[in-house]
Amino acid sequence: MESLSRFATRRPWPVILLFVALTLVLGSGLGRLTFDNSPESLVPPELPAYRLFDEVRETFGSADVAIAALEGEVWSPEGLASLRAATEAVAEVEGVLGVTSLANAQRMEEVDGDLVIEDLLPERIAPSDIPQIRAYVDGHPLYAHRLVSPDGRYAAVILELDTSQDMRRLNQALYQAFKTHWQGPVYLSGTPALSGYILETIQRDLPIQMTLAALILGLILYLNFRSTRGVLLPLLTVAVALLWSLGLGGWLGFKLGMISSILPVVVLAVGSSFTLHVLNRFYHELAAGKGRAEAILLAVRETGLGVLVSALAAGAGLAALYSSSIPQIKFFGLLAAFGVLVAFLAASLLTPAVLSLLKNPRRLPDPERPDRVSRAMQKLAPLVAAHRHRVLSLAAAFLLVMLFLATRVQVETSFLAYFPKDAPPRVATELVDRVFGGSDTLTVVVEGNLKDPALLQAIYRFEQEAKALPEVGSAISIADVIREIHRALTGSYGFPSSEEGVAQELLLYQLSGDPEALTRFITEDASAALITVQVRSLPTGQMKSLTEDLKELAKRTIAPFADAVEFTGTTVLMLEVMRLILHDQYVSLALALVLVAFFNALLLRSLRVGAVSVLPLGLTIAGQFGLMGMLGIPLDTATALIAAIAIGVGDYSVHVIVRYLEELKNGEDPGGAARTSLYVSGRAVFFTALAIGGGFMALLFSGFAPIQTFAKLMGFSVGATALFALTVLPAALLVWVRRYRKEAGNHA
Amino acid sequence: MRRFWVWVLLLAAPALALSGEEVLKQVEARPRPKTFHGKLAMELINKQGKRLTRELEIWTKREGSVEKMLIKFLAPPDVRGTAFLAIRKGGREEMKLYLPALKKVRRIAGGQKKGSFMGSDFSYDDISKLGSLKSENYQSKLLREEGAFYVVEATPKPGVESAYERLVLWVEKPHFDVVKIEFYRKGALYKVMTLDEIQTYAGKYRIPTRLVMENKKTRHKTVLLQRELELDHPIPDSVFTERFMKR
């Protein structure tokens with residue numbers, strides 16, 4: 001590395017041109033970067049539940065529905081005409097597979113001995129038609145309360161959607177189509193609205209967060225260096241890193257979602273610390289009277305090992321996220337690790353190259369000269385040395401308490417929890433929950449002989465018992481359709497007594513109109529059917545227990561008559577995602593800690609040092625989870641990342657170790673080594689922590705609760721790691737690493 | 001002089017070619033049988049390629065402005081005996097349905113025209129287009145000639161109720177057989193019908209014996225095979241009655 005840096009100092013232009021060229025090539029991928037926050041971006045495609053979801057989508061058209069509520073005077077000729085126009089308009093929107101509303105509902109009933117099968121709404125709706133239509137709808141279990149609210153204030157439009165679409169575009173197109181034809185307020189609930197809103201917020205927040213992070217970093221860098229170039233150089237290196245990693249994402253066809261939208265801030269915050277260390281040293285050497293070229297080389301040599309170790313550790317911690325089964329987290333880990341390594345490369349090559357071209361600054365402040373911060377550090381060292389055993393006992397107690405609290409952490413994957421209370425999709429979802437009894441859907445797939453009246457009866461019983469649960473709004477299936485046909489034919493609700501009867505009534509329904517209307521409920525050969533259970537949008541824990549209750553109910557009622565009963569739908573997928581997040585958490589955490597310990601041990605040539613080096617990180621992670629358990633902060637798709645990212649950003653404590661070992665090697669006694677180490681590296685740790693923590697604070701301005709929480713937790717983590725690195729770490733070094741005879745890795 | 005004949009030929013050429021309207025008139029001018037009886041195998045193929053077969057027996061009869069049609073399901077066994085009767089007199093249509101499981105004949109009211117023909121991808125309207133397109137309802141235009149085919153575009157005239165906004169027909173030249181129709185809806189190709197086997201009966205009737213309708217939107221397909229056809233054999237009126245439906 002050092003020889004490369006030397007080359008960069010001697011021949012700055014080729015290095016700069018190479019960086020420019022690569023930045024242009026990779027950066028041009030930026031235009032290809034797309035956004036996607038569909039449930040699919042969170043669900044691993046090989047998941048069995050996803051395969052069923054996909055199968056259902058292929059067979060029945062859609063496994064997912066979204067409900068729009070239109071507010072206004074539904075029971076009026078104008079209201080119904082507008083509803084019809086709106087229904088027709090949304091049916092034309094790309095990505096809409098099917099639409100159901102009063103406007104395209106069918107009327108099937110006996111009138112004067114004739115079986116009338118026709119559109120519910122006549123071509124021209126006269127005021128005198130309304131009472132009759134309303135009476136029919138009120139008595140129809142498939143329509144009443146499902147397509148219109150009992151008070152007639154809200155009409156529902158049930159949309160079957162292709163969830164692989166660009167949700168933001170779909171959401172806007174739907175809204176546009178509704179608003180063109182419906183004068184009153186329109187509430188769009190469900191996945192497209194939520195995902196669309198998420199994407200809109202990301203795209204709005206992203207530039208703001210990046211600017212803020214850059215401003216905060218700039219301010220902290222200025223406080224540290226008091227010079228323009230001290231601010232601009234680190235920012236230049238992270239800008240390069242950012243362009244490379246986002247561009248690479250574009251070239252690889254990755255899509256940014258809510259989780260991966262924190263990528264820029266992570267790269268900015270973590271990446272800037274590398275150049276900060278190099279520059280710190282450079283100014284120090286200049287101030288000590290060294291020439292420019294020598295100062296650059298010395299800076300790279302002195303900080304190289306620490307920067308390399310922390311870059312590798314950060315890369316490893318982030319890359320460990322690649323072990324996640326959740327696609328969005330996987331890609332995030334990969335790109336963030338890449339970005340961090342690029343930032344490291346830029347710090348060791350681009351920074352020396354640019355520095356060698358710039359004239360020496362007129363004013364030469366030494367950032368490593370004793371100031372208030374370093375004096376405070378100097379006082380800290382003897383305190384820690386005197387109480388090292390007490391410090392370690394306190395740390396052990398802290399670890400135990402936090403681990404205990406961590407057992408109380410809850411998992412939350414409900415999209416709704418992400419939004420502020422007044423966000424339109426949240427308002428819409430809560431309204432649809434209230435007015436129509438549920439905005440979320442659980443899809444039950446029943447396989448078997450669906451012509452068997454006993455199975456139909458069982459499905460109907462399942463639906464009735466399910467609807468009795470307070471969280472369930474409606475449940476409909478082919479059983480309800482057959483009951484309707486049977487009533488129209490015989491005058492009473494019920495099921496035919498034979499398979500033939502069922503087959504013939506199904507045939508009648510097919511003959512009466514659109515055959516597609518039936519394939520939403522049942523396959524053509526009547527071997528599989530769907531039950532759509534509309535449920536309230538619930539927190540993950542409650543949704544899980546509701547799903548389990550319904551599974552139990554299906555097992556009791558339907559299973560004895562069916563070949564198979566399975567549950568699917570976005571909600572079920574999200575529950576699976578929750579399980580994976582929990583599982584991945586342990587894997588990626590363990591992996592990341594082992595990787596960091598491994599790199600530290602390898603580069604510092606001592607297993608014991610490697611083990612001690614992860615102490616601040618281990619304590620911080622325990623602290624994070626303990627804090628989450630204590631404050632009731634749920635583990636969700638965003639907070640699931642904190643441990644891995646904490647590992648990525650937190651390894652700046654390595655600078656303390658490197659300096660401590662250096663001093664031991666130079667013949668200092670452990671106490672003196674600790675003092676020098678804190679005095680020299682403590683200030684850098686302090687400012688690095690400030691820069692990284694400050695960078696993450698930009699995420700406080702995110703439109704999502706989980707990202708804000710993530711930012712706060714990161715603030716805690718960065719502060720905690722710094723604190724542990726300056727107290728527990730030296731204490732541990734003083735107790736366990738009192739000698740360091742081996743050849744220390746010579747500045748890599 | 002030679003040049004003069006070239007000019008005559010050039011000027012006369014457009015007059016020799018048929019207009020779209022004339023092509024459709026020729027299609028309609030083909031003789032149609034007074035009665036029709038035969039069996040219909042209907043294969044429903046969904047987008048995953050799953051097949052479901054239904055067999056029907058069909059009787060139709062034309063007498064002046066009265067058209068009668070009876071359809072009985074032969075298979076699958078669970079719908080065997082289900083019968084559908086339609087009698088069109090002038091503009092009015094009466095439809096009846098017999099479900100053997102209920103042992104009752106029910107009159108059906110309501111618009112069936114846009115509906116599916118026996119649960120297939122064909123609509124009643126598509127099926128009736130096979131007999132007569134009613135070219136007076138369409139604005140037609142000869143798009144081009146493709147070898148042995150006229151390609152004609154037919155657009156419903158204003159005020160004519162139609163499920164489609166545009167049809168494109170391929171008409172084979174010697175017999176004026178329609179061999180393919182593309183149905184357009186909302187600017188996009190919606191369904192395609194291909195009549196890939198056409199046979200001559202009684203020396204004059206050109207009857208399609210294999211018809212395929214593919215719905216481009218749902219990727220669902222129906223194959224109709226007509227066999228054991230009897231044309232112009234007398235069919236007694238007693239066939240088109242409730243009693244015969246129940247038999």
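In this predicted model, the largest nonpolar core comprises 325 residues, and those with the most contacts inside it are A:A69, A:L70, A:V90, A:L102, A:V267 and A:V340. Helix α11 of chain A, spanning residues 327-357, supplies the largest share of this core, with 21 residues. The surroundings of A:V267, one of the residues with the most contacts inside the core, can be listed individually: when residues up to four places away in sequence are left out, A:V267 touches A:V238, A:A241, A:L242 and A:S245, together with A:A336, A:G339, A:V340 and A:A343.

Chain A is divided by the domain assignment into domain 1 (2-41 + 196-416 + 575-736), domain 2 (64-188) and domain 3 (449-562). The C-alpha centres of domain 1 of chain A and domain 2 of chain A are 54 Å apart, and contact between these two domains involves 7 residues of domain 1 of chain A and 7 residues of domain 2 of chain A. On the side of domain 1 of chain A that touches domain 2 of chain A, the residues divide by class into 2 nonpolar, 3 polar and 2 charged.

In chain B, helix α2 (residues 20-28) has as its buried residues B:G20, B:V23, B:L24 and B:V27. These residues lie on the same side of α2(B), because the arc that they cover around the axis is only 95 degrees. Such an arrangement can be read against helix geometry in general: an α-helix has 3.6 residues a turn, and therefore residues three or four places apart point the same way. The elements that cover the buried residues of α2(B) include the strands β7 (138-146), β8 (149-156), β9 (166-172) and β10 (177-185) of chain B.

How values were computed. Residues numbered from 1 in each chain as written. Chains lettered and ligands numbered in written order. Predicted model: local features only at pLDDT ≥ 70, side-chain atom pairs only at ≥ 80, totals over all residues. Core = buried A, V, L, I, M, F, W, Y, C linked by C-beta atoms within 7 Å. Buried ≥ 20, exposed ≤ 12 C-beta atoms within 10 Å, placed from the backbone. Helix = DSSP H or I, 4+ residues; strand = E, 2+ residues; numbered from the N terminus. Domains from an automatic or database assignment. Nonpolar A, V, L, I, M, F, W, Y, C, P; charged D, E, K, R; others polar. Arc of directions from axis to C-beta.
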